[in-house]
Amino acid sequence: MNRARPATALTPPGGARPAADDRRARLAIISGHTLLRECLAAQLSSVGRFAVVAQVADPTRALDVVCQTMPDVLVIDFSRPTGAGRDLVMTICRICPRVRVVLLGVSEIRDDVLRCIEVGVRGFVSNESSMEELVAVVDRILDGTVSASPSLAYALFYRLRALARERRRSQRIDALTLTRREMEILELIAKGHSNKRIARQLSLSVYTIKNHVHRILEKLQVEHRLAAVDYAYRRHWLRRHRH
């Protein structure tokens, strides 16, 4: 007796493929949770403008299925992200850039989610979202935008703000590579002072000032004085002076 094919095949619920002239958006779902996957397929298929063309339970088959069906939108269950799951998301985004990816079940913002944004994930839906919110996210990314649930968008902005603070703190630490005297000379260079004028103002020899300038350029790995000043301004080591 022949066994029935598993529910992870390429055919949508009901077994029939959409007609060639079907203008519904083509959706695919990846989830190892059978109940969640089948419920999503049933609910999304009930939306007249969507057609679920593939359901995938086995992540090892996911890339092949996506490449074969080329859905407009791919919904990936990301509620229990693993290293393999993150790699799958990034691989699909790289190999199939025209497939819009939505991550479902994202509960917190971590660096791996930010990396998913970098590679091209278009939508995020949190664990607390409803089916209506998922449909709205799919509609928005089909219209060419990116989308996330309100709670997730807030968490994302909070995380990005934290990363910006970390970057500024790192830049301040970088500034410590210059000595106090070197920072003082860099500030005077930024004001347009020549080596001779700086030497006179600091009661040092021109030769000493030249040595300091050479070390500043060497530490910042730039070729000339103006590049050193620009480097310092971009890292907010110096305040711009109004002339």
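I started with contact range: with contact meaning heavy atoms within 4.5 Å, residues 24 or more positions apart account for 64% of the contacts in the protein chain with a separation of 6 or more. This is a predicted model, where local features need pLDDT of at least 70, side-chain atom pairs count only at pLDDT 80 or more, and totals for chains, interfaces and linings use all residues. Numbering runs from 1 along each chain as its sequence is written, and side-chain values use heavy atoms, with hydrogens and water left out.

Next I looked up the overall make-up. The protein chain has 10 helices and 6 strands, taken as DSSP runs numbered from the N terminus (helices H or I, at least four residues; strands E, at least two). Of its 243 residues, 41% are buried, that is, under 20% relative accessible area with a 1.4 Å probe, protein chains only.

Then I turned to the pair α7 and α10. How do their axes cross? Helix α7 (residues 180-190) and helix α10 (residues 225-234) have axes that come within 10 Å and cross at roughly 105 degrees. The axes are lines fitted to C-alpha atoms over the stretch in contact, and angles run from 0 to 180 degrees between N-to-C directions. The two helices are therefore roughly perpendicular, a label for 65 to 115 degrees.

I listed who meets whom: Leu-186, Ile-189 and Ala-190 of α7 touch Arg-225, Ala-228, Val-229, Ala-232 and Tyr-233 of α10. That contact divides into 7 nonpolar, no polar and 1 charged residue. For the classes, I count Ala, Val, Leu, Ile, Met, Phe, Trp, Tyr, Cys and Pro as nonpolar, Asp, Glu, Lys and Arg as charged, and the others, Gly among them, as polar.

I checked burial too. In α7, the buried residues include Glu-182, Met-183 and Leu-188, and their cover includes α8 (195-202), α9 and α10. In α10, Ala-227 and Tyr-231 are among the buried residues, with α7 and α9 (206-220) included in what covers them.

I also noted the residues that follow these helices. After α10 comes His-236, with a positive phi near 60 degrees.

Last, I visited the lining of the largest pocket. By class it has 8 nonpolar, 6 polar and 2 charged residues. Which helix gives the most to it? That is α3, with 3 residues; β3 (73-77) and α3 (83-95) each supply at least two.

Definitions and conventions:
Angles under 35 degrees count as roughly parallel, over 145 as roughly antiparallel, 65 to 115 as roughly perpendicular and the rest as oblique. Buried means under 20% relative accessible area, exposed over 50%, partly exposed in between (1.4 Å probe, protein chains only).
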